[in-house]
Amino acid sequence: MNRTVVCPCEGIIEKVYVNHTSRVYEWEPMFVIRDGQGNVEDVILNVSGQISELHVQENDRVTSGVVLASMMEDDFVTGSD
C-alpha cells in the first residue's frame, strides 16, 4: 500500500534519517523538525515499509501538511502494536 509521510508542524528540517531507498521500521525516527520556538518534533510512523520518494532535505522550510516522503507500506503485521 502506498503511504505518504506528512509534516506534522511548521519548521525547518533539522535531520533526515532516511534516503530515497531506505527501509523504515515502525517507530523508527525518519525526520526531525525544529519549529520557530525551538521545539523539536520527531516524525515517526507506526508502520514499516520502503521509501520510494524523498521530497525534502535538511534545512528545508516546511509547513504542516507538506509531503515529506512517499513509501510502500509492508503488507504484514509485525505484532508490536
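## Glutamate 73

Glutamate 73 is buried, at a relative accessible area of 16%. Buried here means under 20% relative accessible area, exposed means over 50%, and partly exposed lies in between, with a 1.4 Å probe and protein chains only. The residue sits in strand E8. Strands (E, at least two residues) and helices (H or I, at least four) are DSSP runs, numbered from the N terminus.

The side chain of glutamate 73 makes a polar contact with the side chain of arginine 3, at 3.1 Å. A polar contact is a pair of N or O atoms within 3.5 Å; within protein, one must be able to donate a hydrogen and the other to accept it, and residues adjacent in sequence count only if both atoms are side-chain atoms. Setting aside neighbours within four places in sequence, glutamate 73 is in contact (heavy atoms within 4.5 Å) with Met1, Arg3, Val47, Ser48 and Gly49.

## Model and conventions

This is a predicted model: local features need pLDDT of at least 70, side-chain atom pairs count only at pLDDT 80 or more, and totals for chains, interfaces and linings use all residues. Residues are numbered from 1 along each chain as its sequence is written, and side-chain values use heavy atoms, with hydrogens and water left out.

## Aspartate 74

Aspartate 74 lies in the segment after strand E8 (67–73). Aspartate 74 is buried too, with a relative accessible area of 17%. Its side chain makes a polar contact with the side chain of arginine 23, at 2.9 Å. Not counting residues up to four places away in sequence, aspartate 74 touches Arg23, Ser48 and Gly49.

## Overall build

The chain has eight strands and zero helices. Along the sequence the pattern is β-β-β-β-β-β-β-β. The radius of gyration is 12 Å, close to the 12 Å that the globule rule gives for 81 residues, so the chain is as compact as a globular protein of that length. That radius is taken over C-alpha atoms, and the rule is 2.2 Å times the number of residues to the power 0.38.

The C-alpha trace spans about 40 × 25 × 20 Å along its principal axes. Of the 81 residues, 36% are buried. Among contacts between residues at least 6 apart in sequence, 58% join residues at least 24 apart. The accessible surface comes to about 5000 Å², and 47% of it belongs to carbon and sulfur atoms. Areas come from the Shrake-Rupley method with a 1.4 Å probe; for residues, only the protein chains shown count as cover.

## The open sheet

Four strands form an open sheet in the order E5-E4-E2-E7, with antiparallel pairing. Strands E5 (40–44) and E7 (61–62) stand at the edges with a single partner strand each, so one side of each has no neighbour in the sheet. Two strands pair if DSSP finds at least two bridges between them. Five bridges join E4 (residues 29–34) to E5. Valine 32 stands opposite aspartate 42 in E5.

Valine 40 is in strand E5. At 45% relative accessibility, valine 40 counts as partly exposed. Beyond four places in sequence, valine 40 touches Val32, Ile33 and Arg34. Valine 40 and valine 56 are 16 residues apart in sequence and 17 Å apart in space, C-alpha to C-alpha.

## Nonpolar core

The largest nonpolar core has 19 residues; Val5, Met30, Phe31, Ile33 and Leu68 have the most contacts inside it. Strands E2 (11–16), E4 and E8 each supply at least two residues of this core. A nonpolar core is a set of buried Ala, Val, Leu, Ile, Met, Phe, Trp, Tyr and Cys residues joined through side-chain atoms within 4.5 Å.

Phenylalanine 31 touches residues including Val5, Val43, Leu54, Val56 and Leu68.
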